[in-house]
Amino acid sequence: MSFLKILKYPDKRLRRSAQPVNKINKKIHKIIHNMFETMYQEKGIGLAATQVNINLKIIVIDKISKYYDTLVLINPKKIYEYDKISTTEGCLSLPGIKKEITRSKHITIQALNYYGKKITLQAKSLLSICIQHEMDHLIGKLLIDY
C-alpha cells in the first residue's frame, strides 16, 4: 500500500467532476486501499478520490456509525433526503478552514460497494454529513462554496 498526496486548495484539480467507475477490478481495489491508508494517515473520517487526484467516483469513509464498518461507495447517487442539520465542517483539502454548513440530516443513497454489489444505504447525522461532503468533492464542490 502507498500513501497518496492530498490535493490542497486552491489546486484547480479539486474542481474537476469525477468520472464513473465502469469496472471494479484489482486496480480499483488498490486505489481504495491506498485511499484508506491516506485517510488514516491524515486523521480524516472520509476521503473522495478526487482529493487524491484520481478522477473517479469513489468515496471511502471510516467507521463513524455503529451500524456500518468502513464504507466504500462507488458511483454514489443520492435518491432521497429530508430534514436539515447545521454543523461545522473541516476538510483535508482545506487545512485550517472550518465552515458552518446546513445539509440534509437524513439521506438515502445508492452505490456500488467494494465488491461491485449495488447497495442502498440510509444514513443520518454525522454519516449523512460525511457522505454529502465527500459527494460534493466528486462534483468539484468545496465547503468554501457554501
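I take strands as DSSP runs of E, at least two residues long, numbered from the N terminus. With that rule I placed leucine 56 in the loop between β1 and β2. The model I am reading is predicted.

**Entry 1: leucine 56**

I listed what leucine 56 touches, leaving out residues up to four places away in sequence. The list is Ala18, Gln19, Pro20, Val21, Ile28, Ile31, Ala49 and Leu138. I also checked leucine 56 against methionine 135: they are 79 residues apart in sequence, and their C-alpha atoms are 11 Å apart in space.

**Entry 2: helix α1**

I compared the length of α1 with what its residue count predicts. At 1.5 Å a residue, its 16 residues should span 22 Å, and the end C-alpha atoms are 22 Å apart, so the two agree. At the N-terminal end I found asparagine 25 as the cap, with a side-chain oxygen 3.1 Å from the backbone nitrogen of lysine 27. Just after α1, lysine 43 takes a positive phi of about 60°.

Next I looked up the buried residues of α1: Ile28, His29, Ile31, Ile32, Asn34, Met35, Phe36, Thr38 and Met39. Their cover includes β1 (46-48), β2 (58-61) and β3.

**Entry 3: salt bridges**

I counted six salt bridges. I followed three of them.

Aspartate 145 and arginine 15 meet through their side chains at 2.5 Å, N to O. Aspartate 145 lies in the segment after α2 and arginine 15 in the segment before α1, so this pair ties together parts that are 130 residues apart in sequence. Aspartate 145 is partly exposed at 36% relative accessible area, and arginine 15 is partly exposed at 35%.

Arginine 103 and glutamate 89 form another bridge, with the closest N and O atoms 2.6 Å apart. This pair links strand β4 (residues 99-112), where arginine 103 sits, to strand β3, where glutamate 89 sits, 14 residues apart. I checked burial with the cut-off of under 20% relative accessible area. Arginine 103 has 5%, so it counts as buried, and glutamate 89, also listed at 5%, counts as buried too.

Arginine 103 also meets aspartate 136, at 2.9 Å, N to O. Aspartate 136 is in helix α2 and arginine 103 in strand β4, so the bridge ties together parts 33 residues apart in sequence. Aspartate 136 is buried, with a relative accessible area of 11%. I therefore logged Glu89, Arg103 and Asp136 as one network, joined by salt bridges that share partners.

**Entry 4: backbone angles**

I found a cis peptide bond from tyrosine 9 to proline 10, with omega near 20°. Proline 10 is in the segment before α1 (26-41).

Aspartate 83 has phi near 60°, a positive value in a residue other than glycine. This aspartate lies in strand β3 and is partly exposed at 45% relative accessibility.

Serine 125, likewise not a glycine, has a positive phi of about 55°. I placed serine 125 in helix α2 (residues 125-138); its relative accessible area is 28%, partly exposed.

**Entry 5: surface patch**

I noted a nonpolar patch on the surface made of Ile79, Tyr80 and Tyr82, with about 310 Å² of accessible area together. Isoleucine 79 belongs to strand β3 (residues 71-89). Its relative accessibility is 41%, which puts it in the partly exposed class.

Terms used: Residues numbered from 1 in each chain as written. Predicted model: local features only at pLDDT ≥ 70, side-chain atom pairs only at ≥ 80, totals over all residues. Heavy atoms only, no water. Patch = residues over 30% accessible without salt bridge, like charges linked within 9 Å, V, L, I, M, F, W, Y side chains within 5 Å. Areas by Shrake-Rupley, 256 points an atom, 1.4 Å probe, with all protein chains shown as cover. Salt bridge = Lys/Arg side-chain N within 4 Å of Asp/Glu carboxyl O. Helix = DSSP H or I, 4+ residues; strand = E, 2+ residues; numbered from the N terminus. Buried < 20%, exposed > 50% of the residue type's maximum accessible area, 1.4 Å probe, protein only. Expected span 1.5 Å × (residues − 1). Contact = heavy atoms within 4.5 Å. Polar contact = N/O pair within 3.5 Å; in protein donor to acceptor, adjacent residues only side chain to side chain.
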